[in-house]
Amino acid sequence: MADGPAITRLIARCPPLDVNSAYCNLLQCTHFADHCIVAEREGEVVGWVSGYRPPSDPQSLFIWQVAVSTQARGQGLAARMIEALLARPSAAGVTHLTTTVTSDNRPSWALFGALAQRWKAPLDKTLHFERESHFAGAHPSEWQARIGPLRRASRSNHSRGDQAI
């Protein structure tokens, strides 16, 4: 929970991510702690992945946000954090990884495409929240990326756990 302010600052430095309230980030750090992860380097938060298992689809791990500071990019940190989350006991029974991404967010599409390829699992893309009908034109459409089914061995062979982050 003490990481909440640092996570809020990191997300603010990672456009095009939507900036959540500090309160929302604190809820993620507490209510959803089993499905969130922080990466630190020399005492500074350089990575954050937030997620949860949707009550309507408990076999999925929904990735809410992935934030990596500029100095930690290009080193595979985001993928390692996601794989560490999937290796946790709290991810037992997860068969799919889902997220929503705007069509122009190339780094996110590259990340999720690379994970699907690494895990040898299909990635399906479907419109989830439409610009006009869901966001009243104020936000681009969000596309759902759904990877799976996941085989436990394929997704954890590449994971080194929280210590490697």
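Start with helix α3, where L77, A78, A79, R80, M81, I82, E83, A84, L85 and L86 are buried (under 20% relative accessible area, with a 1.4 Å probe and protein chains only). That is ten of the eleven residues of α3, so this helix is largely enclosed by the rest of the structure. Helices here are DSSP runs of H or I, at least four residues long, and strands are E runs of at least two, numbered from the N terminus. Keep in mind that this is a predicted model, with local features needing pLDDT of at least 70 and side-chain atom pairs pLDDT 80 or more, while totals for chains, interfaces and linings use all residues. Residues are numbered from 1 along each chain as its sequence is written, and side-chain values use heavy atoms, without hydrogens or water.

Now look at the partner helix. α3 (residues 77–87) packs against α4 (residues 106–119) at about 55 degrees, with the axes 10 Å apart. A78, A79, I82, E83 and L86 of α3 meet L111, F112, L115, R118 and W119 of α4 (contact means heavy atoms within 4.5 Å). By class, that makes eight nonpolar, no polar and two charged residues.

Of its 30 residues, I63, I82, L97, F112, L115, W119 and I147 touch the most other members. The largest share, eight residues, comes from α3. As for I147, its contacts beyond four places in sequence include L97, F112, L115 and W119. Apart from this core lies another, of eleven residues, among them L17, C29, C36 and V45.

Terms used
Axes are lines fitted to C-alpha atoms, for helices over the stretch in contact, and angles run from 0 to 180 degrees between N-to-C directions. Ala, Val, Leu, Ile, Met, Phe, Trp, Tyr, Cys and Pro count as nonpolar, Asp, Glu, Lys and Arg as charged, and the others, Gly among them, as polar. Buried means under 20% relative accessible area, exposed over 50%, partly exposed in between (1.4 Å probe, protein chains only). A nonpolar core is a set of buried Ala, Val, Leu, Ile, Met, Phe, Trp, Tyr and Cys residues joined through side-chain atoms within 4.5 Å.
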